[in-house]
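Hi,

Here is the model I promised to pass on. Have a look first, and my notes follow below.

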Amino acid sequence: MADQYPPPTEDYPTTERSRVRRSPKRGTHGRADVHAILDASPLCHVGYVINGAPYVTPTLHWREGEYVYWHGSSASRFLRAAEDMPVCLTCSIMDGYVLARSAFNHSVNYRSAMVFGTARLVDDPDEKNHALRQLIEDLFPGRWDNLRPMTAQEVKATSVLRMKIDEATAKVRNAPPGDIDEADYPVWAGVLPIRSHLASAETAPGMPDNIELPQALADLIASGRIR
């Protein structure tokens with residue numbers, strides 16, 4: 001498992017790479033703000049440069065302290081090429097459409113995080129097993145111990161990468177339209193909220209009648225959260 005040292009400061013360093021230039025009041029380098037967005041988003045996008053060409057791949061991720069993990073097939077050329085490579089990992093959550101009185105002032109409410117670091121392949125067997133367990137437990141608490149154990153071949157076919165967060169930026173917009181000066185124009189303006197949540201479970205084909213949806217999953221669905 002990656003070393004979990006306490007962070008030296010409350011903020012990540014501000015650099016030319018991570019500095020927020022557009023609407024800087026919406027940006028922060030606060031660790032708690034960055035971590036909150038990483039932990040709330042079920043999906044990330046990882047950007048690399050391979051043989052001089054840019055690639056961005058979507059994947060599930062999870063965070064432990066100052067490390068972000070993601071996984072994929074051991075046969076993936078992206079994961080093989082990413083070892084020891086500087087990468088940029090991003091998460092974005094849309095919270096609403098912002099409708100203004102003019103097309104120019106339309107916007108979205110959102111939360112986003114961008115983190116930078118170097119990808120490392122997790123090859124220690126114990127750390128890899130711990131990481132794969134965390135992938136499941138992070139999304140579905142209590143599920144790992146009830147699953148069929150992974151086979152040696154399945155573990156071999158799965159690659160896990162981790163990245164220590166060296167630099168990071170979070171950016172958030174959570175506001176109504178910014179055109180109060182045009183409030184007398186006769187058109188509706190406001191926010192159309194976007195809510196992501198789990199829906200009713202759909203049982204897999206062939207499921208025996210005596211196996212019911214676990215209470216932990218029912219509680220997860222009822223909670224309204226997706227992570």
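Let me start with the cysteines, and with a rule: a disulfide here is a pair of cysteine sulfur atoms within 2.5 Å. By that rule the count is 0 disulfides. Cys91 has its closest cysteine sulfur in Cys44, and at 5.3 Å that is too far for a bond. For Cys88 the closest cysteine sulfur is the one in Cys91, 10 Å away, again too far for a bond. Cys91 is also buried, at 1% relative accessibility. Buried means under 20% relative accessible area, exposed means over 50%, and partly exposed is in between (1.4 Å probe, protein chains only).

Some housekeeping before the rest. This is a predicted model, in which local features need pLDDT of at least 70 and side-chain atom pairs count only at pLDDT 80 or more, while totals for chains, interfaces and linings use all residues. Residues are numbered from 1 along each chain as its sequence is written, and side-chain values use heavy atoms, with hydrogens and water left out.

The overall picture: the protein chain has 5 helices and 10 strands. These are DSSP runs numbered from the N terminus (helices are H or I, at least four residues; strands are E, at least two). Of the 227 residues in the chain, 33% are buried. The C-alpha atoms fill a box of roughly 65 × 50 × 35 Å along the principal axes.

Now the inside. The largest nonpolar core has 25 residues, and those touching the most other members are Val34, Leu38, Tyr48, Trp70, Leu89 and Val115. (A nonpolar core is a set of buried Ala, Val, Leu, Ile, Met, Phe, Trp, Tyr and Cys residues joined through side-chain atoms within 4.5 Å.) Two or more residues come from each of H1, E2, E5, H2, E6, E7, E8 (158–164) and E9. E2 gives the most, with 4 residues. Apart from this core lies another, of 9 residues, including Tyr67 and Trp144.

Which residues of helix H1 are buried? In H1 (residues 31–40) they are Arg31, Val34, His35, Ile37 and Leu38. Seen down the helix axis they fall within an arc of 165 degrees, so they line one face of H1; the arc is taken from the directions from the axis to the C-beta atoms. The strands they pack against are E4 (61–64), E5 (67–73), E6 (86–99), E7 (107–121) and E9 (167–173).

Next, the hairpin. E2 (residues 44–50) and E3 (residues 53–59) pair antiparallel over 7 bridges, where pairing takes at least two DSSP bridges between two strands. Gly47 stands opposite Val56 in E3. The turn has 2 residues between the strands, and Asn51 in it has a positive phi of about 55 degrees. Most residues other than glycine have a negative phi. Asn51 is exposed, with a relative accessible area of 82%.

Last, Ser74, in the loop between E5 and helix H2 (77–82). Beyond neighbours within four places in sequence, Ser74 is in contact (heavy atoms within 4.5 Å) with Arg80, Lys156, Ala157, Thr158 and Ser159. Ser74 and Lys156 are 82 residues apart along the chain, yet their C-alpha atoms are separated by 7.3 Å. The Ser74 side chain reaches the backbone oxygen of Lys156 at 2.7 Å, a polar contact (N or O atoms within 3.5 Å, where within protein one must be able to donate a hydrogen and the other to accept it, and residues adjacent in sequence count only if both atoms are side-chain atoms).

Cheers
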